[in-house]
Amino acid sequence: QVQLVESGGGLVQAGGSLRLSCAASGSIFSISAMGWYRQAPEKQRELVARINNGGNTGYSDSVKGRFTISRDNAKNTVYLQMGSLKPEDTAVYYCFADAWNYSGRMLKVWGQGTQVTVSS
């Protein structure tokens, strides 16, 4: 079993910064992609950023230039540095990982979600 534990959400004023962390633990052989989705009230979940185990990254257009994703493969941890935050960034942020277990199965694992609220 693989678990993801997120931290770092909170309340921040517009223009401010926050850093989210997500650590994977459990029966992990390897992790390919990790990243973040977010879901605002009454909106669909959207992909914010992802990073593969080679360090290649991708971002949604709405956060490009403001958010930076990174990972520490030795710690199975992914980070999301969020800057120039806007009220429209307010959402629950969910970490995900595409993790291979020792049985050769790939699992899509989700974190519990962390609230980010940006006040105007």
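Me: What does buried mean here?
Reply: Buried means under 20% relative accessible area, exposed over 50%, and partly exposed in between (1.4 Å probe, protein chains only). This is a predicted model, where local features need pLDDT of at least 70, side-chain atom pairs count only at pLDDT 80 or more, and totals for chains, interfaces and linings use all residues. Residues are numbered from 1 along each chain as its sequence is written, and side-chain values use heavy atoms, with hydrogens and water left out.

Me: Arg66 and Asp89, buried or exposed?
Reply: Both Arg66 and Asp89 are buried. They also form a salt bridge, with the closest N and O atoms 2.7 Å apart. A salt bridge is a side-chain nitrogen of Lys or Arg within 4 Å of a carboxyl oxygen of Asp or Glu.

Me: How many salt bridges are there?
Reply: The count is 5. Another one joins Asp89 and Arg38, at 2.9 Å from N to O.

Me: Which residues are linked in a network?
Reply: Arg38, Glu46, Arg66 and Asp89.

Me: And Asp98, what does it pair with?
Reply: Asp98 forms a salt bridge with Lys108, their closest N and O atoms 3.3 Å apart. Asp98 is buried, at 10% relative accessible area. Lys108 is partly exposed, at 42%.

Me: New topic. How many disulfides?
Reply: There is 1 disulfide, meaning a pair of cysteine sulfur atoms within 2.5 Å. Cys22 and Cys95 form it, with sulfur atoms 2.0 Å apart.

Me: Why is the disulfide of Cys22 and Cys95 left-handed?
Reply: Because the torsion about its S-S bond is about -80 degrees.

Me: Are those two cysteines buried or exposed?
Reply: Cys22 and Cys95 are both buried.
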